[in-house]
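Welcome! Here is a short tour of a few local features, with the sequence and the 3D view to hand as you read.

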Amino acid sequence: MKKIVTLFISALFATAAVAQPQVRYIKTPRFARPLVERWIAEYNNSHSDVKFQIAQGQTEAALSIVWDSSDAQKETAKVVYIGETAVLPITTESSEAAKLLGGKRLNENKLRELYFENDEFDDEEERNKTFEKINIYSGTSSASVAESFARHLGKSSSLLRGKRIAGDDLFLNKAIEKDPLGVTFNTLSNIYDLESRHVKNGLAILSLSVKKEVAATLSEGTLDNVLTVLETTSLPEVVTERVGLSYDRNDDNALQFISWVLENGTQYNHAYGLLNLDNEVAKAELGKVSNLLTAQR
């Protein structure tokens, strides 16, 4: 009888082990985390053999969110792009910085003058009176868009003046809230409230040298208005970076997840502050994954 009970318990454990789905982890910066969480929830609902989760700490990840100039992208060419992020210059509403910069319409040259050291200025007196009073805040982590912002303006992030903030770029909002002269830059999902679709309370987007109607959309429009403008208008003053998933080409589960994202998950891009890729580019990215999956069969 004891032997039968032992065999029965062993069988139960074996069944449980077989039924336990595999787990894969996804590493993501905070600006993309709500979108990735939505993907995971939708994917896990329809796939029982493998479960995806957000990677915590040093957990080894099967997939990682990267963008054009991120460290992870530099280390590997195995990236499939799923959308774009946009970066805008911001300060706090009604702050001293907002008042000082209120009459400035910033083009690429003025953005370089405001944010970076060692530039040649058209009007040194203007820089001394206005820009030198401003305190610039930027991120230092590998998940920061500081390098993207700098590279877009033809600079290195090491030349960003002012104070560098460790940790996620969301902390930059907190830094300028505490400094009346504080100015920074951030991604749309860190600037806009994803529920109300308006700029977060207390934040203000700096005026850019763009057409009047575009300027009105950037300063007063909803997140959806801004996404539409950025997808249909080329604006040199606005930093955009392709966002993708880096992967192990030998991990079939990871490739299946990416394929699902490209076919079903990108419909959530706008809801979470990302721009969509051009249709032809999106088709090409899906083709890359389809070819890899076909080759493995």
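Which backbone nitrogen does the side chain of Asp-179 reach? Keep in mind, as we look, that this is a predicted model.

## A buried aspartate

The backbone nitrogen is that of Leu-181, which the side chain of Asp-179 reaches at 2.9 Å. You will find Asp-179 in the loop between helix 8 (170–177) and strand 7 (182–187). Its side chain also has a polar contact of 2.7 Å with the side chain of Tyr-137.

Asp-179 is buried but has no salt bridge. The nearest side chain of opposite charge belongs to Lys-163, 5.1 Å away; a salt bridge would call for a side-chain nitrogen of Lys or Arg within 4 Å of a carboxyl oxygen.

## An enclosed helix

Now turn to helix 5, which spans residues 108–115. Because six of its eight residues are buried, helix 5 is largely enclosed by the rest of the structure. The buried residues of this helix are Lys-110, Leu-111, Arg-112, Glu-113, Leu-114 and Tyr-115.

## One cavity

The count of cavities of 30 Å³ or more comes to one, and the largest cavity has a volume of about 30 Å³. Its lining is made up of Pro-29, Arg-30, Phe-31, Ala-143, Asp-168, Asp-169 and Asn-190. Sorted by class, that lining has three nonpolar, one polar and three charged residues.

Conventions:
Residues numbered from 1 in each chain as written. Predicted model: local features only at pLDDT ≥ 70, side-chain atom pairs only at ≥ 80, totals over all residues. Heavy atoms only, no water. 1 Å grid on protein atoms, 1.4 Å probe; cavity = no way out; pocket = protein on both sides within 12 Å on 5 of 7 lines; lining within 4 Å. Points joined across faces, edges and corners; volume = space filled by probe spheres on them. Nonpolar A, V, L, I, M, F, W, Y, C, P; charged D, E, K, R; others polar. Helix = DSSP H or I, 4+ residues; strand = E, 2+ residues; numbered from the N terminus. Buried < 20%, exposed > 50% of the residue type's maximum accessible area, 1.4 Å probe, protein only. Lys, Arg positive; Asp, Glu negative; His and termini not counted. Polar contact = N/O pair within 3.5 Å; in protein donor to acceptor, adjacent residues only side chain to side chain.
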